[in-house]
Amino acid sequence: MKKLFERLLWKQNPAVYQQKDAKLTPSLRTIDLIGLGTGMVVGTAIFTLPGIVAAEHTGPAVPLAFIVAAIGAGLSALAYAEMSSVLPFAGSAFSWINVLFGEFFGWIAGWALLAEYFISVAFVASGWSAYMQGFLASLGIKLPVALTGGFNPRQGSYVDILAAVAILAVGILISRGVHQVSRIENIIVAIKLLVIIMFIVVGATAIQAHNYVPFIPAHRPGTSFGGWQGILAGTAQIFIAYVGFDAIAANTAETKNPQKTMPRGLIGTLVLGTGFFIAVSLVLVGMFKYSRYANNAEPAAWALRQSGHYLTANLLSVVAIIGIFSALIAILLASSRLIYAFGRDGLLPSRLGIVNGRHVPSHALWLITLLAMVLGSVFPFTFLATLVSAGTLVAFIFVSLGIYALRPREGKNLPDAQFKMPWYPVLPTVSALFSAVIFWGLNKDAKILMVGWFVIGLLIYFVYGIRHSIINQEHGK
């Protein structure tokens, strides 16, 4: 038993990652990272979550849920910035924790991230499908009900065909190389931000002050709606918006001068994304009573149509259809790099760690693409939104606590950090506790499914990963 415990704590040599990740080409700049992060943070979530969270949890107080989420995510972003500055490797938290705490804990952190990425891809694709269907309906085009949503026989839907098509299209795009993808991403994000500003300006003309009253509805006993209980529940669901932080960090090995570029990209994404979220959610709940957004996956365009702004609504839908692709690009890119890192370390089949002539881990990319196509086309949108935050929060806790193992090694057997998390040693604990409290606010289904996900991960590790890991080569089998 003692030998097994010692084996679980074997740490990876950072030089191994540096050598293996050299096949990935550093081409991303600060603006590219902000484009990737903002593309994810203000992707599907900004067009969909404010309405859903307002109806199910917070009422008009949805901006408060975004602010609380931003504080928690911001604390974690500081930890991510220091980590990526010292350990510029693909796989983000998986690789970092592997170096700092040992392979077993690295696998747990990485497995949590995989749940986050895997569900996020499907969630974003489902949101894109909802907007595409709304846009097509405005033109008088309707798909057969069986092809319009996840498996729900009561409503007559069995597969979301548009979600599957979107994921496949993005997989093909990413397979062409990260440099070309980043240029397309920056253009899409710029257009999307302009249209979001237009929504804020036009939507503000339709605000009715009485829709803000009461701003924080009374808590309904036995539910997660109203009061600070509702705000905390809304915060937990909203955390999907901040997956963008890890999506940025996953590309550290493909970033120019990551010691300085990565912290700028992370913090820039936080500031820009949070500002837009607060503005959009304030306008949205001011236009109509929050309860009218229940089960509506395209609340922003719907609110504009209901207010008579048909041209703006259709323009928003078109840009959402294009813009949500930017979120798909960011998260599918990050998830393929995580799968690549698993293959690189031998914890999954080594073919997944192969990089092709275009400097793309193609086997990892197509594996996650095909699996996400199945998940995104079968599971309903709101179900996916509930689950995705769990993996994000687990990763944030690991990275925050990882600062305690990182800081003593900086300048000794690891490089000095170009950016340091302030108020050490207090702030890493505050960050981890903040994420833990929000995790506790997740609904019961999310917690149960996350436990099931970890059970599967443990089985894979002990049946396959621990025997095939490349770390065995250094310590001797």
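Modeller: A residue counts as buried when its relative accessible area is under 20%, as exposed when that area is over 50%, and as partly exposed in between. With this cut-off in hand, Arg-407 counts as buried, because its relative accessibility is 17%. Please bear in mind throughout that the model is predicted.

Arg-407 has a partner in Glu-82, with which it forms a salt bridge whose closest N and O atoms are 2.8 Å apart. The two residues belong to distant parts of the chain: Glu-82 is in helix α5 (residues 62-86), while Arg-407 is in the loop between α16 (381-406) and α17 (426-440), and 325 residues separate them. Glu-82 has a relative accessibility of 0%, and therefore it too counts as buried.

The general idea behind such contacts is a simple one. Side chains of opposite charge can pair when their charged atoms come close.

Glu-410 counts as buried because its relative accessibility is 8%. Lys-420, by contrast, has a relative accessible area of 39%, so this residue is partly exposed.

A further salt bridge joins Glu-103 to Arg-7, and the closest N and O atoms are 3.0 Å apart. Glu-103 lies in helix α7 and Arg-7 in helix α1, so the pair ties together parts that are 96 residues apart in sequence. Glu-103 has a relative accessibility of 1% and therefore counts as buried. Arg-7 counts as buried as well, because its value is 9%.

Helix α7 (residues 103-138) packs with helix α14 (residues 310-344) at an angle of about 160°, and their axes are 9 Å apart. The angle is the reason why α7 is described as roughly antiparallel to α14. The crossing in which α7 passes α14 is left-handed.

As for α1 (2-8), Met-1 is placed in the segment before this helix. Met-1 is exposed, because its relative accessible area is 85%. Together with Leu-4, Leu-458 and Phe-462, Met-1 forms a nonpolar patch on the surface, and these residues have about 410 Å² of accessible area together.

Ala-301 lies in helix α13 (residues 299-306), and its relative accessibility is 0%, so it counts as buried. The C-alpha atoms of Ala-301 and Phe-199 are separated by 8.9 Å, although the residues are 102 residues apart along the chain. Leu-266 is found in helix α12 (residues 258-287), and this residue is buried because its relative accessible area is 0%. Between the C-alpha atoms of Leu-266 and Leu-9 there are 30 Å, and along the chain the two are 257 residues apart.

Key
Residues are numbered from 1 along each chain as its sequence is written. This is a predicted model: local features need pLDDT of at least 70, side-chain atom pairs count only at pLDDT 80 or more; totals for chains, interfaces and linings use all residues. Side-chain values use heavy atoms; hydrogens and water are left out. Patches are made of residues with over 30% relative accessible area and no salt bridge: like charges are joined within 9 Å, nonpolar side chains (Val, Leu, Ile, Met, Phe, Trp, Tyr) within 5 Å. Accessible areas come from the Shrake-Rupley method with a 1.4 Å probe; for residues, only the protein chains shown count as cover. A salt bridge is a side-chain nitrogen of Lys or Arg within 4 Å of a carboxyl oxygen of Asp or Glu. Helices (H or I, at least four residues) and strands (E, at least two) are DSSP runs, numbered from the N terminus. Buried means under 20% relative accessible area, exposed over 50%, partly exposed in between (1.4 Å probe, protein chains only). Axes are lines fitted to C-alpha atoms, for helices over the stretch in contact, and angles run from 0 to 180 degrees between N-to-C directions. Angles under 35 degrees count as roughly parallel, over 145 as roughly antiparallel, 65 to 115 as roughly perpendicular and the rest as oblique. A crossing is left-handed if the near helix is turned anticlockwise from the far one by less than a right angle, and right-handed if clockwise.
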